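Here is a short briefing for a first look at a protein model. Keep the structure open as you read.

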Amino acid sequence: MSLPLHAQTRAVPEAAVLEGLPPVHEVSAAEVAARISGGPRLVVLDDDPTGTQTVADVPVLTSWTVDDLRWALRQDSAVFFVLTNTRSLSPEDAAARNREVVRALHAASAAEGTGYVLASRGDSTLRGHFPLETDVLAEELTELGAGAPDGVVVVPAYIEAGRLTARSRHWMRTADGLLPVGMSEFARDATFGYRSSSLPEWVEEKTGGRIPADEVLRVTLDDLRGGGPAHTARLLSSLRGGRTAVVDAVRDDDLRVLALALAQAEENGTRLLYRVGPSFVRARAGQAARAPLTPAELRPLRGDAPHGLIVVGSHVALTTRQLDRLRERGGIAEYELDVALLLDEERRDAHIAQVAAAAAGALDSADAVICTSRVLVTGADADDSLAISRRVSAALVEAVRQVNATRRPAFVVAKGGITSSDTATHGLGIRRAWARGTLLPGIVSLWEPADGPAAGIPYIVFAGNVGGSDALADALDLLRSA
């Protein structure tokens, strides 16, 4: 039963959205794992570091040399991530980076004799370079002789975070119920804003009308649950000429049905490219949801220092609330990078050095927090706003680098997508790591660096738009108890 149009412009009870859906078609992770065993490797090009939040014990690369990619292909894992961080880049730079990764991956795949399928991981609130990234990947695969994709499968669901798709409409869970994602604060993003909550209409909007909504294949819960993997595989096998499909999901079982269907369609010769949220990766890789890491599991990963470093760059309202709750819990020393000073060339370096020195000095007695001032500074247009975000993130990264050079923390927590990526790659010099699991259910991923200057320092990736108000404080309490 569909909701009245007026009800779809505000949060509605979750039961109203899910009313009348077919019963769940149960599929175990083990069944998917057995089905994909020996098949092509799933390679996830992650546009910010938060895509690893639903998986455990998978390789993560922040560098994409052929040697790095060959290392990842040799690991005993059905999936690995390549952190491209393209959400923080201009469209031109994002396109160039995707091309670089695919060319290197194709060479690594040939050298290792291992096949691959590509997933372009975007935001579960629909932000990011779509359709640019899937367009570029399709072009590169064609030029490399891998074959033009028959279809692009869009699956933005993030089950733990309450980002659900039903009847081809995408929703996000709030305290007031499910809100159409086009009505959320994320839809007003200065760089990646949009209006549509209906995924076919969103595809039409983001492609500027190149792909009309009525030409998008809708794979609904009726298909996944009523028809099952065989029926869904037939639908996906009908894709031709790079046609876009959008897929419903409100539970992991829905995604596992999809995973079986994809495996069948691909085995039958259909070439597919994925644009997905975090939950798809776990299902497609044949992993079950795992409980968060315990203090006993964290203890051997934790560094020797008494306290850790928390870096906060995200500006969404939820992050600010989480930071407020962290202050209420206490036990932190807080230092602020003033964005106005960071944009002042003459005062920038001295300001960063002052904050970093103070934070490093505090680590003997408290967990140190470095955050940016909470007033969001935007530019004249989307590109200008993105450039400001990059400059602010670069300042946070430099502060982390200086802190780590002075006093290695017990752990590093990075809050926000761009912040997490830049902290990992530039602040801590991580090239290869393992995503070991989460600190909270389905969110807050812990990476174990495999080499480099950050070896021995657990790195915690914390998205800017997930979890409750207590999530940051809860994660820190868990780290402190290890």
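Predicted model: local features only at pLDDT ≥ 70, side-chain atom pairs only at ≥ 80, totals over all residues.

Residues are numbered from 1 along each chain as its sequence is written, and side-chain values use heavy atoms, leaving out hydrogens and water.

**Salt bridges**
- The whole structure holds 42 salt bridges (a side-chain nitrogen of Lys or Arg within 4 Å of a carboxyl oxygen of Asp or Glu).
- Glu 112 pairs with Arg 74 in a salt bridge, with the closest N and O atoms 3.0 Å apart.
- That pair links distant parts of the chain: Glu 112 is in helix H4 and Arg 74 in helix H3, 38 residues apart (helices are DSSP runs of H or I, at least four residues, numbered from the N terminus).
- Arg 99 forms a salt bridge with Glu 139, the closest N and O atoms being 2.9 Å apart.
- Arg 99 lies in helix H4 and Glu 139 in helix H5, so this pair ties together parts 40 residues apart in sequence.

**Negative patch**
- Glu 92, Asp 93, Asp 381, Asp 383 and Asp 384 gather in a patch of negative charge on the surface (residues with over 30% relative accessible area and no salt bridge, like charges joined within 9 Å).
- Helices H4 and H14 each give two or more residues to the negative patch.

**A buried residue**
- Ile 460 lies in strand S18 (a DSSP run of E, at least two residues).
- Ile 460 is buried, with a relative accessible area of 0% (buried means under 20%, with a 1.4 Å probe and protein chains only).

How values were computed: Patch = residues over 30% accessible without salt bridge, like charges linked within 9 Å, V, L, I, M, F, W, Y side chains within 5 Å. Areas by Shrake-Rupley, 256 points an atom, 1.4 Å probe, with all protein chains shown as cover. Lys, Arg positive; Asp, Glu negative; His and termini not counted. Charge placed at Lys NZ, Arg CZ, Asp CG, Glu CD. Buried < 20%, exposed > 50% of the residue type's maximum accessible area, 1.4 Å probe, protein only.
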